[in-house]
Amino acid sequence: MTLSLPLAVRRGLVFAWLLFLLLGALVLGLAFGAVALPPEAVVRALLGLEENPIVTELRLPRVLGGMLVGGALAVSGAAFQGLFRNPLADPYLMGSASGAAFAVTLFAVLLGGLSPAFAQHAVFQHLPFSATFFGFLGALLATLLTLVLAGGVARTGELVLAGVVVGSVLTGLTTYLMMQDADRVRAVFAYTLGNLAFVGWAGVRALALALLLALPPLFLLGRVLNALQLGEETAKSLGLPLEGLKLLLLGAASLLTASAVAQAGIIGFVGLVVPHMLRRLLGEDYRLLLPASALGGGALLALADLLARTLARPAELPVGVVTTLLGGPFFLYLMWRRRGRA
Amino acid sequence: MGGLEARGIVGPFALKGVDLLLRPGEWLALLGPNGSGKTTLLKAMAGLLRPRRGEVLLEGRPLRVHGSYGRGRLLAYLPQGGPYPEGLLVEEVVRLGRLPHLGLWGREGREDREAVDWALEVTGASAFRGRLLGTLSGGERQRVLLARALAGRPRYLLLDEPTTFLDLEHQGAVVGLLRRLAGMGLGVLSVLHDPNQAALAHRVAVLEGGRVVAEGRPEAVLQEPLLARLYGPGVRVVRLGERPHVYLDP
């Protein structure tokens, strides 16, 4: 099959295909939704020839937001997998997701408690503006707490364990908070399930800024991630200042996760499945894998959100439910196919 | 002064005061029972573990004075076993050996490409440079990892049991390569399990309980009383020509 093609050609084809997929996701995402729009209406709205808030205020930021969130999660997943030399590491490994969920829940309960104006619906409406900021803080603080508990980045095993502990404790606290005030927290629940409905232009700007900050160091350090695949001692023997580099890689990947969780809640499987599929096509060269994950994650999440918006029309599913329901079985399929070949 | 020298190294772990000098152009084999501190000593000499007391001198200056990249250019370290980057191309793996020269942002030039070609050539790994590491046999993979260590054109090569898990043919290839590399002027220090492979080195040092208890030419060191003490009373040593040959007679 594809293995017979020269490697450079195959890699080029993979990138071309990913770009095509991303473009396709953009076009489909703008045209379809609760109502379908003819292509010329979409184009006219994009060119500003015709005012169409469905395209410019609702769908465009949502599709772009989905792409940015998906790209951030996939790159972050790939980076964590490289850092921990474990293909099952996911972007939420450092406890960031639980941190974000906890902070947003706390925000809703506190503000809801302080002011009766923040009724259930109001909290829901309010989410995109301030809750995301709390979510971002929560994700970053949880990641920092994980780092502190693990005593730095030197011992990889302890980092993973500390991440698990922080994640579990925060999830427990979140559930407790939710039980205190179930009604008010329903909107928060929709958010923690993974939802792109809250992403507006402000969210797109915040995500773009995070990617602008985090992607360049990650892409430039692809060779360091490659060297880490030889083991930390070998990487160190090559002269790499490993502690600092690991901190930088962790920081950049955590920034991506935190921004994604803050805008869209906890979206499962994108950070796991996308790098996994691309690794099969491209090999494990992180200089290719990271940019490819950005494109692939963006396309995949935008397409999954299209399903979330259209499957149960006029109602919407949380996109996190779609990715989990599709991603879980798909991951199993990959595993079985691999076992079949082995 | 040339050489890589351990001076009075105490700790970490098993080491209880080790002096050892590796000279350029020689292959020095490190023997000793499990737990005697061979791997720890190798890591300390590679600058990967800091001794509690004593110091390691690289060409007459303490290791840390060289800086991490400087140290990486002068000495290469190959650990025992994995992890192996199975999804990387062989050529990519070997090119990682140029990192001490390139640093984080350096671009590869002609010198780097020539060093990679040379390393693949000298290890006999050129034929699979375009394959993924995960598709190679254990013996082929070890050649590639050796090429990675050599690609930085180090003056000293530190190897932890480079022949473990290899069949006889590949063990022979690795041992032959180590002799050739020493012939080219490299200082080669290898931890070995098999005294018969150590017998092919220029010098042998024996570690026991965290100390060097014997050091010298193989025929002087590999004597029955010492080996019986280290490995049990069933060890026998005979001579095959000049060379000592060790076997078990349980």
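**Helix packing, sheets and the contact between chains**

Author: Helix α3 (residues 53-83) of chain A packs with helix α11 (residues 242-264) of chain A at an angle of about 150 degrees, their axes 9 Å apart. Axes are lines fitted to C-alpha atoms, for helices over the stretch in contact, and angles run from 0 to 180 degrees between N-to-C directions. Helices (H or I, at least four residues) and strands (E, at least two) are DSSP runs, numbered from the N terminus. This is a predicted model in which local features need pLDDT of at least 70 and side-chain atom pairs count only at pLDDT 80 or more, while totals for chains, interfaces and linings use all residues. Residues are numbered from 1 along each chain as its sequence is written, and chains are lettered from A and ligands numbered from 1 in the order in which they are written.

Reader: What is the handedness of the crossing where α3(A) passes α11(A)?

Author: The crossing is left-handed, meaning that the near helix is turned anticlockwise from the far one by less than a right angle; clockwise would be right-handed.

Reader: Which residues of α3(A) and α11(A) meet?

Author: On α3(A) they include Gly65(A), Val69(A), Ala72(A) and Phe80(A); on α11(A), Lys246(A), Leu249(A), Thr257(A) and Gln263(A) are among them. Contact requires C-beta atoms, placed from the backbone, within 7 Å. The residues of this contact divide into 13 nonpolar, 5 polar and 1 charged. Here Ala, Val, Leu, Ile, Met, Phe, Trp, Tyr, Cys and Pro count as nonpolar, Asp, Glu, Lys and Arg as charged, and the others, Gly among them, as polar.

Reader: How many helices and strands does chain A have?

Author: Chain A has 14 helices and 0 strands. Of its 342 residues, 52% are buried, that is, with 20 or more other C-beta atoms within 10 Å of their own; 12 or fewer makes a residue exposed, and in between it is partly exposed, with C-beta atoms placed from the backbone. Among contacts in chain A between residues at least 6 apart in sequence, 81% join residues at least 24 apart.

Reader: Turning to chain B, what is the strand order of the open sheet of 4 strands?

Author: The order is β2-β1-β4-β5 (chain B), with antiparallel pairing; two strands pair if DSSP finds at least two bridges between them. The edge strands are β2 (16-22) and β5 (61-62) of chain B, each pairing on one side only. Inside this sheet, β1 (residues 4-10) and β4 (residues 53-58) of chain B are antiparallel over 5 bridges, and Arg7(B) has Glu55(B) in β4(B) as its bridge partner. Helix α1 (residues 38-45) of chain B packs on the sheet, touching β1, β2 and β4 of chain B, and its direction makes about 120 degrees with that of β1(B).

Reader: And the sheet of 6 strands: what is its order?

Author: This open sheet runs β6-β7-β8-β3-β9-β10 (chain B), with mixed pairing. β6 and β10 of chain B are at the edges with a single partner strand each, so one side of each has no neighbour in the sheet. Neighbouring strands are turned by 15 degrees against each other on average, direction ignored.

Reader: How many residues lie between β9(B) and β10(B) in their hairpin?

Author: There are 2 residues between them, and Gly209(B) in the turn has a positive phi of about 55 degrees. The two strands, β9 (residues 203-208) and β10 (residues 211-216) of chain B, run antiparallel and are joined by 5 bridges. Glu208(B) stands opposite Arg211(B), and Leu207(B) opposite Val212(B).

Reader: Is α6(B) mostly covered or mostly open?

Author: α6(B) is mostly covered, with 10 of its 13 residues buried. Among the buried ones are Arg141(B), Val144(B) and Leu150(B).

Reader: Lastly, how many residues does each chain bring to the contact between chain A and chain B?

Author: Chain B brings 20 residues and chain A brings 18. On the side of chain B, α2(B) gives the most, with 4 residues. By class, that side has 14 nonpolar, 4 polar and 2 charged residues.

Terms used:
Contact = placed C-beta atoms within 7 Å.
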